[in-house]
Number of protein chains: 2
Amino acid sequence: MPLPDFLAALAHAPAAVHVLSDPDTLAIYACDETPKRCTPRAVAFPRAHAEVLELVRLANAYRIPLVARGAGSGNVGGALPAPDSVVVSFECMDAILEFDPDNRLMVVEAGVVTERIEQTARSRGLMYPPDPGSAPYCRIGGNLAMNAAGPRAVKYGTTRDYVLGLRAVTGAGAEIRTGCRTTKGVTGYDLTRLLVGSEGTLALITEATLRLIPAPRALITLRACYNSNDAALAACARVMTQPVIPCALEFMDRLSIEAVRSQLPDHGLPQGTQALLIIEADGETHDLPRQIAALTNTLTDSGLIELREAHDAEETRTLWRARKSLSHAVKQIAPLKINEDIVVPIMRLSEMVAFLEAQARGYQLPIVSFGHAGNGNLHVNLMVRPDDAREMARARACLLEIFEKTLALGGTLSGEHGIGTEKREFLPLEIAPPALDLMRGLKALFDPNGILNPGKLLPETG
Amino acid sequence: MPLPDFLAALAHAPAAVHVLSDPDTLAIYACDETPKRCTPRAVAFPRAHAEVLELVRLANAYRIPLVARGAGSGNVGGALPAPDSVVVSFECMDAILEFDPDNRLMVVEAGVVTERIEQTARSRGLMYPPDPGSAPYCRIGGNLAMNAAGPRAVKYGTTRDYVLGLRAVTGAGAEIRTGCRTTKGVTGYDLTRLLVGSEGTLALITEATLRLIPAPRALITLRACYNSNDAALAACARVMTQPVIPCALEFMDRLSIEAVRSQLPDHGLPQGTQALLIIEADGETHDLPRQIAALTNTLTDSGLIELREAHDAEETRTLWRARKSLSHAVKQIAPLKINEDIVVPIMRLSEMVAFLEAQARGYQLPIVSFGHAGNGNLHVNLMVRPDDAREMARARACLLEIFEKTLALGGTLSGEHGIGTEKREFLPLEIAPPALDLMRGLKALFDPNGILNPGKLLPETG
């Protein structure tokens, strides 16, 4: 592979692209949030759209695989370097190019940190709703690539719902602008939403025009502790069939509670808690009491142990503490977590969680489940020791059954993490050959030389 | 063209498709809401997905163009028969296959009338928000093909935002299922939103899984009459920069008012009215007074002549009367209306409407503008006499300048009507060659023989 030629050409291109290939840098960019590592050949740091264009054109000429990277905070290997690839890190493209509060839009470069978008919007009474857990450090380009979401998706939807248009360079090196700057627009095929969620395999997104909405003035957090998974999920089903849509509705199962109890001395959970819901509602200050009354009524049943309400930042932190500590607490159960992201219809959550408990018993594996129950989205964590080959084999068999059950319940394999390297072999369980063939056709159309993020999203052929 | 062979093959196919080709039937299906006519060779009435599949496969074998049709209520020729084509009318596929109020979804065949979806949802306290003016008779397949919208798009978005998944037959005859049944899902490329708005050129949609939301319990209608376009549009800008999002925000310009005054004796508009806004707000009953107060405050300025509030169905009808009579009233100005559907950023609406008035003067053409101002979406009607060649030439020159101004203001050529036959030649004004090339590539991928709705959406090549 003529990498030196590629690098020399880049250095001499009109828009000279900054590239590093020292071992320390390569080590930093060799991984994302999956446990895998793959050292890239180099890391490019474009500073502008024109440099991305240069990179893609030269990568085509020299057949160099390019792997786009925001903050590397993904869970499925989307930003994991492909073998012999050059990572394209967008961290130097972090300008907010335009903020137009009157027309409620923002134009950002792909490397802008998500939280900064929200903070900037808030400075003028607006809101950018998508709120992945990684918002303080992840970058909007990664959010767009994966169609990221977060707790607020229950009420506000996902990244896709807030993108008006994109600027991008396709794998073939074509510069495109998609979509528009207005909330309505139906000219031509919807290339915008085709690129959102395409995991860096069709085009490199360089800029996005984002839609903003008025920020709610008040927020209330409730935490409801239950004596069983079933009681919590029955309450969740009741919440999602009455008219007040919470802006977040999070669930923690029995094993999540156990993990937090054992790791967090000041967990603040009442005795007997086996599952909990965290519910947030937002809106006008004067309207919150009505929402709280409706939610409280809905959350209350014989399985409810405690219902608490937080009205200020300190109380809110207290109620979220167990949920926020979960990622760390879970890691103490076993060295490796196989972190899944299934979705089932909300009315089937209870059946799914019961199935997961049965799987945990049957396969002798801790399975910790929690997540965005208001969307039916569960983060299912199989806790394993990677050096125990038998346990890994059991985990594998167990996982396949979990996916099959998910689909049998009318669900989907991934709600917000995406496919990447980690789930591509399972994609055919959900997507039948004709649709998969079309997806391969789309890949060939946008990226005929296959230089963008090879080995991701689409299953291997043959 | 071996049409008889095609029809014979259809008649003998395992799923025999009902086809008519008598002159009376052909005359009915020769047009849509554009003034054009083109008599098809036959009209097929599939009753099930399997019959659509049969149709497409045989159409490929015999190279017969197929034009999908819902109710033929489109404005841009999307359902206008192509020369020598067979119309595929979905009116016999009008089953609601599943209504799951607990999981807030409905699965419908493509021929279901849009209003029936909304009425069925309402029967269980739910809502299907997209509300094109043709909702009482248009069919969901047409709405999906065009990404239809309506007044409520200001608050609730467009058809695209309520589609979870689709079942379809591509132009190549591949049966696909796209998307999922849950509110989150990121497995593979977003084929769902690629098909929505593709105007029947990529695939025939046979079924859709639609997302429903809780219905608001109360609705209030306000009508604000102003002494000038500028005063009305300044109020519109103020409404859309304060936090209460109306569920509809309609505008009528000076010439719209004149048309209504001259055609509708009981128009009910106070003297001096030169423009008006109709504003609807919805939500909880007890929250409406707050919304009304905020909107009233925002709507009031020195140009306001009258502000009226409707609280029941009768009063609401009264306030909407002028707006609803507009389509009919406008037709009296001249025999032909060239009906455009531009969008500009809301803060530029005033500039756009002033430009349209100047165009009307300069080109000596009545131009009536009204529409969904809360989305920046204006229906611009050039009133012309089609037998006056000079006037038609003036209209043509005028139209091109309107499109150029729209784009110069950061707008888009169509907000909800689509491209069809009527705007395809203008598409290159907005979409640059690399994106157009990709769209042509998508067309070739989904419909390699070009049998689906030829001559629509994409501009002619060469």
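This text walks through a predicted model, from the contact between two chains to single residues.

Start where the chains meet. On the chain A side, 77 residues are in contact with 76 residues of chain B. Chain A and chain B bury about 6100 Å² between them. Carbon and sulfur atoms carry 63% of that area. Three residues stand out on the chain A side: A:Lys184, A:Val186 and A:Tyr189. They supply 16% of the area that chain A buries against chain B, more than any other three residues.

The interface also has polar and charged links. Between chain A and chain B, 26 residue pairs are in polar contact, counting pairs with both residues at pLDDT 80 or more. Six salt bridges cross the interface of chain A and chain B. A salt bridge joins the side chains of A:Glu416 and B:Lys184, at 2.9 Å from N to O.

Which elements of chain A each supply at least two residues of the side that touches chain B? They are β9 (175-179), α7 (191-195), α15 (427-430) and α16 (433-446). The largest share comes from α16(A), with nine residues.

Now turn to the nonpolar cores. In soluble globular proteins, nonpolar side chains tend to be buried together. The largest nonpolar core here holds 82 residues. Within this core, A:Leu195 and B:Leu195 touch the most other members. Take the chain B copy. Leaving out residues up to four places away in sequence, B:Leu195 touches B:Leu144, B:Leu166, B:Ala168, B:Ile176, B:Leu202, B:Ala203, B:Ile205 and B:Phe446. Another core, of 52 residues, lies apart from the largest one. Its members include B:Ala218, B:Leu356, B:Ile402 and B:Phe403.

An α-helix has 3.6 residues a turn, so residues three or four places apart point the same way.

Is B:Asp131 buried or exposed? Its relative accessibility is 18%, so B:Asp131 counts as buried; the cut-off is under 20%. The side chain of B:Asp131 reaches the backbone nitrogen of B:Arg152 at 3.2 Å. Setting aside neighbours within four places in sequence, B:Asp131 is in contact with B:Ala149, B:Gly150, B:Pro151, B:Arg152 and B:Ala153.

A:Asp84 lies in the loop between β3 (66-69) and β4 (86-89) of chain A. Phi of A:Asp84 is near 60 degrees, a positive value in a residue other than glycine. With a relative accessible area of 36%, A:Asp84 is partly exposed. In chain B, B:Asp84 is placed in the loop between β3 (66-69) and β4 (86-89). Phi of B:Asp84 is also positive, near 60 degrees. B:Asp84 is partly exposed, with a relative accessible area of 35%.

How values were computed. Residues are numbered from 1 along each chain as its sequence is written. Chains are lettered from A and ligands numbered from 1 in the order in which they are written. This is a predicted model: local features need pLDDT of at least 70, side-chain atom pairs count only at pLDDT 80 or more; totals for chains, interfaces and linings use all residues. Side-chain values use heavy atoms; hydrogens and water are left out. A nonpolar core is a set of buried Ala, Val, Leu, Ile, Met, Phe, Trp, Tyr and Cys residues joined through side-chain atoms within 4.5 Å. Buried means under 20% relative accessible area, exposed over 50%, partly exposed in between (1.4 Å probe, protein chains only). Contact means heavy atoms within 4.5 Å. Buried area is the accessible area (1.4 Å probe) that two parts lose on being put together, summed over both. A salt bridge is a side-chain nitrogen of Lys or Arg within 4 Å of a carboxyl oxygen of Asp or Glu. A polar contact is a pair of N or O atoms within 3.5 Å; within protein, one must be able to donate a hydrogen and the other to accept it, and residues adjacent in sequence count only if both atoms are side-chain atoms. Helices (H or I, at least four residues) and strands (E, at least two) are DSSP runs, numbered from the N terminus.
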